[in-house]
Amino acid sequence: MGMYLNPGNKGFQTILNGVYVDKTGLIDYVNSTIHTPLKLTSVSRPRRFGKSFAAKMLCAYYDKSCDSRVLFEGLEISKKASFEKGLNQYDVIYLDITWFISTTDHIDGIVRDIQNSVISELREKFFNLVPESEKSLPRALSGISEKTGNEFVIIIDEWDALFREAKNRESLQKEYIQLLRGLFKGGTTTDGTIAAAYMTGILPIKKYGTESALTDFREYSMTKPGCLAEYVGFTEDEVKRLCENSQMDFDDLRTWYDGYSFSRIQHVYSPNSVMSALREGEVLNYWTQTESFESLKEYIGMGYDGLKGAVIEMLGGSHVGIKISTFQNDLTSFNNRNDVLTLLVHLGYLAYDSRRREAYIPNLEVAEAFEDAVSAGKWGIIGEAISDSEKLLQATLRKEEEAVAEALEEIHGSVSSVLQYNNEASLSCAITIAYYTAKRYYTMIRELPAGKGFADLAFIPRRGVGMPAMIIELKYDKDADSAIQQIHDNRYEGVLEEYSGNLLLVGINYDRDTKGKEVKRHSCVIEEA
C-alpha cells in the first residue's frame, strides 16, 4: 500500500468507527459504469457534505492491495448484485488535491509534483515497467496497462482545489486541465487503462465558453444531482433514524439543517451540521465554521444589476429566478447576478429548485450565515434592520405599536430603493426581513391557509420557546384596524386553535400616498386574541 497507489482501507475503517450513515449504494452506481462509456463520474457538492467520505469508501472497495469484505458486510452494497464485481479488484490511484497544495514547495510546480509522486510509487510496484525518464503520468499508466493488462480506478478528491486556491493563475489551471485530459481522454480511456474514475469537488468541471473542459465526464452537481441525489447529503429518513438513536429532537434538526430539495429527493440535510449537533448534543449554527463563510459577504456585495434585489427578496423568504447556464464553474468569471447566485448554490448557501428554476435560502442555519454577512457588509438600513430585528420582536411582544411602526418606517426606504414597494407582497418581504431573527424562535409561514382565506404571516413558536404565537395581517392604503378586523372576520386565528399558549394579532398598514403631510406611512395595531 502507498499514499497514492492502492492506499488501502484504513480511511474507511476510521469512518466506520464513528456514527456512520450508510451511503455504500453509491458503489453500486460506480460499478454500473465500469467498462462503459459512462465510466467517468464527477460529483460536486458543498464543503462538509461528505465528499471525502465517499472517496475513501470507494478506495476501500476497489483497492486490490487489501481485503475489505468484512468492512462492507451488512451494508447496502453487500445486498446488491454487483457487490462482487469490483470488490478489491483494481489498482487504485487516489489523489487528494488539497493535500498536494498544502505540501508543495511552490504551487506553480503542483502538476509536476502530482505526476512525480504517483510515478515514483508506480515504479516501486511495477519495477522496470516505468522508465526513469518517464515524467508523464498518463503515459506511465498506459504503458503499465499495455504490458500487464492491469486496469486502474482513479479517485480524485477535491479536484477543483487548484481553481479555488489559485483562482487567478490561468496558465497553471490549464496545465492541470491538460493532465486530466491526458488521463481521461484518448488513449487511457480507450485502451483499457482506466476501468472507472470518480472525482469530487465543490465546483463542477470548469467550462470554457459553453463546453466542459473534460467533456467525457458525466457530472452530478447541486443544480443537477440526477440519480445520485440521495448521496448529496442526508435524507429525511436517515436523519430520523439518527434522532431515534440519540436524544436529539427531529423537528429541531429539520428546522436548522433541512431545506435542500431535488426532484428525486425532497428533503436533503447538511451532513456535517447534523453530525455536529448529534456529537455536541446541541442544535447550533455549525455552518460558519466552514472555510467558505468568509467569502459570502464578498459575493453578495458584488455590484451586478439585480443581485442586491435578489438577495433582499430571499432574505424576505422569497424564491428568485436564476439562469445557471452561463456560470463558468470558477471563482473569477462572473458576468451577471445569475453567475454569483449559481456559485452560491454550489457553495451550499442557496438551494435550487430545478423545476421552477429558482434559488432560495434553505434553512435556519444558512439564514444566520446571511444575517452575519449582511450585518457586517455595506447593506445600509437592511443590515441595521436585521441586526435590530431582535429589538423589533421584543417590541411586538410588548405590544409597543408605535415602536413597531417606526422600525418598519426605517426599513421602508432601503427596500423600496431596490424592490417595488407597492403591494402586500413587497410589504411582506420587508416585514420578514425586519423580523429576521424571529426565525430562531418561530416557524414563519407566509400565506398560511386559515379560516376563510390565508393569513399573510403566521409565527408559530418552536417547541419549548415559551413565546406567544402571532398572526400578522398586512394592508396597503387602508388602515391597521381593518387588518385586525379581517383576522376576526375570516377567523384566521382558528388555524392555531390547538395552540395552547397566548396569541397576538398584529395588523400593519402601509399608506402609499400621504398627500404631502408629514405623517408616517406605516401604522400598527396589536391585540391579544
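This is a predicted model: local features need pLDDT of at least 70, side-chain atom pairs count only at pLDDT 80 or more; totals for chains, interfaces and linings use all residues.
The open spaces come first. The largest pocket holds about 1200 Å³ of space. Its lining is made up of 50 residues, and those closest to the centre are Gly50, Phe53, Phe234, Pro271 and Met275. Several elements each give two or more residues to this lining: helices H1 (10-16), H3 (51-62), H9 (161-165), H12 (236-244) and H14 (271-280), together with strands S2 (91-96) and S8 (234-235). By residue class, the lining of the largest pocket has 20 charged, 18 nonpolar and twelve polar residues.

The second largest pocket contains about 950 Å³ of space. It is lined by 36 residues, of which Tyr360, Ile361, Pro362, Asn363 and Met444 lie closest to the centre. Here the elements that give two or more residues are helices H13 (250-257), H16 (307-315) and H18 (364-376), along with strands S11 (351-353) and S13 (442-450). Strand S13 gives the most to this lining, with five residues. The lining of the second largest pocket divides into 15 nonpolar, 14 polar and seven charged residues.

Besides these open pockets, there is space from which a probe cannot get out. The structure has one cavity of 30 Å³ or more. The largest cavity holds about 40 Å³ of space. Around the largest cavity stand Val43, Ser44, Arg45, Tyr220, Ser221, Pro225, Leu228 and Val232. Five of these lining residues count as nonpolar, two as polar and one as charged.

In soluble globular proteins, nonpolar side chains tend to be buried together. In this model, the largest nonpolar core has 80 residues, and Leu315, Phe370 and Ile382 touch the most other members. Leaving aside residues up to four places away in sequence, Leu315 touches Ile361, Phe370, Val374, Ile382, Ile386, Thr432, Ile433, Tyr436 and Lys439. Another core, of 43 residues, lies apart from the largest one and includes Val111, Ile177, Leu179 and Ala197.

One residue links two parts of this description.

Methods
Residues are numbered from 1 along each chain as its sequence is written. Side-chain values use heavy atoms; hydrogens and water are left out. On a 1 Å grid over the protein atoms alone, a cavity is a set of points where a 1.4 Å probe fits but cannot get out, and a pocket is an open set with protein on both sides within 12 Å along at least five of seven lines; lining residues have an atom within 4 Å of a point. Grid points are joined across faces, edges and corners, and a volume is the space filled by probe spheres set on the points. Helices (H or I, at least four residues) and strands (E, at least two) are DSSP runs, numbered from the N terminus. Ala, Val, Leu, Ile, Met, Phe, Trp, Tyr, Cys and Pro count as nonpolar, Asp, Glu, Lys and Arg as charged, and the others, Gly among them, as polar. A nonpolar core is a set of buried Ala, Val, Leu, Ile, Met, Phe, Trp, Tyr and Cys residues joined through side-chain atoms within 4.5 Å. Buried means under 20% relative accessible area, exposed over 50%, partly exposed in between (1.4 Å probe, protein chains only). Contact means heavy atoms within 4.5 Å.
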